[in-house]
Amino acid sequence: MENKLRTLLSVKVALTIAMVSLVLVAATIYYYYTSTVTVSVEAPKINWVTGGDVAATISGNKSYCTVSISKLQPNATTVYTSALKFTVVAAGTIKLQIASVTDSNSIIWGMRFYIYKSGASDKNLTLVDGGQVTVGSTDGGGPVAQVGFYQTGANTNYGTLIGSLPAGSTGFAATTTTYIIVLEAMGEETCQTTESATINLRLIWYA
Amino acid sequence: MASAQASTYNYYTAFTECNVSAPDVIFKTGTNGTAYVISMNKTWAKVNVTGTLTETYYEYVLNITNLSNNINYTVKLEKATIDGIGRLTNFTAYFHDGTPSRQIEISNGTVTQSSGSWCSIATSATIYISIAIKVSTSGISTVDLRLHVVKGDTTSPEIVQTVTINVN
């Protein structure tokens, strides 16, 4: 009986403390001052376009896309001279950014992206790994932007060490025309056909 | 960093999935070279050949094999980096599968042809890299080449493989 009374007393004390705490918390005063931010939608400044080499899956508004390349090879360089394209709808400054790379098996030894302005001329591209390829349908000039990354031990001319990403190109003045993205990728010596990697690539448009 | 005046940034994402494919066109050792080093996946090769004061023609320095039984490939050679070529009176590399196709030529220490024309390798077929060599003095010369590989009549994607030839 005495124990029961003692227990009830303990519960009462605990409840009292809790109520006092509640009052103390409730005593904090919050002030709310209202402002209105109107959010409206505008058309994307660029549209993704499927390149000549690979079918891209492009969102309805053409502002997001996925592309899958399948020809990475060990100890060799694979070049997609028209991996992806984009059309600039509003002139501005654009840079290309590798936001992140998911490559748990380290299958990519080095990778570099190049942007060419479209036109009617061929242009030779000297690869990081040596050798040249011809990029077709360019304006005849060199790449307007380029960015890349590499694994430890690879040629540092690919760009930024993978652990230091994100990395961005310098910005270029983009006019309302179509641009071509060229991809150069070297496979790591032990990469397997069961392995894959994902690159989160971004175009950053600013006025 | 973007321009300090810029106030609005728009980000447009392209996710690129990158998958590995097994090489269809590979290198195999020939019969006229020495000290062959071929990577385990056979997409990279190094070979030594011996130069003499008289013209020597090596017909089977390196084999290039198309493993595919349903895809024709076209290939060409291109000079990448070179070292110590002043002693090369003649270094001419050919593709050879009957009719030779001249791909690279170094004459009296000067590169006179830096790449060749495209040649086809039929399904399951092998062609060979042949080399004609004449040197003026003893020494070591290194000719670093790139083998460009494309499928059939396409131009892209293009696979670029490395062949290094040391001339002793």
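Modeller: A charge sits over a ring if NZ of Lys or CZ of Arg is within 6 Å of the ring centre and within 35 degrees of the ring normal. The model is predicted: local features need pLDDT of at least 70, side-chain atom pairs count only at pLDDT 80 or more, and totals for chains, interfaces and linings use all residues. Residues are numbered from 1 along each chain as its sequence is written, chains are lettered from A and ligands numbered from 1 in the order written, and side-chain values use heavy atoms, with hydrogens and water left out.

Biologist: Which residue lies over the face of Trp205(A)?

Modeller: The distance to the ring centre of Trp205(A) is 4.6 Å. The residue placed over that face is Lys45(A).

Biologist: Why is the pair of Trp48(A) and Phe86(A) classed as it is?

Modeller: Rings of Phe, Tyr and Trp (its six-membered ring) pair if their centres lie within 6.5 Å; planes under 30 degrees apart count as stacked, over 60 as edge-to-face and the rest as tilted. The centres of Trp48(A) and Phe86(A) are 6.0 Å apart and their planes stand at 75 degrees, so the pair is edge-to-face.

Biologist: Is Phe86(A) buried or exposed?

Modeller: Buried means under 20% relative accessible area, exposed over 50%, and partly exposed in between (1.4 Å probe, protein chains only). The relative accessibility of Phe86(A) is 0%, so Phe86(A) counts as buried.

Biologist: Which residue forms a stacked pair with Phe86(A)?

Modeller: In this pair the centres are 5.4 Å apart, with 15 degrees between the planes. Both partners are buried. The stacked partner of Phe86(A) is Tyr179(A).

Biologist: Which residues of chain A does Ala14(B) touch?

Modeller: Contact means heavy atoms within 4.5 Å. Ala14(B) is buried, because its relative accessibility is 0%. Not counting residues up to four places away in sequence, Ala14(B) touches Trp48(A), Cys65(A), Leu84(A), Ile199(A), Asn200(A) and Leu201(A).

Biologist: How much area do chain A and chain B bury between them?

Modeller: Buried area is the accessible area (1.4 Å probe) that two parts lose on being put together, summed over both. In contact across the interface are 56 residues of chain A and 37 residues of chain B. Carbon and sulfur atoms carry 53% of the buried area, which comes to about 4,000 Å².

Biologist: Which residue of chain A forms a salt bridge with Arg146(B)?

Modeller: A salt bridge is a side-chain nitrogen of Lys or Arg within 4 Å of a carboxyl oxygen of Asp or Glu. The count between chain A and chain B is 1 salt bridge. The closest N and O atoms are 3.9 Å apart, and the partner of Arg146(B) is Asp129(A).
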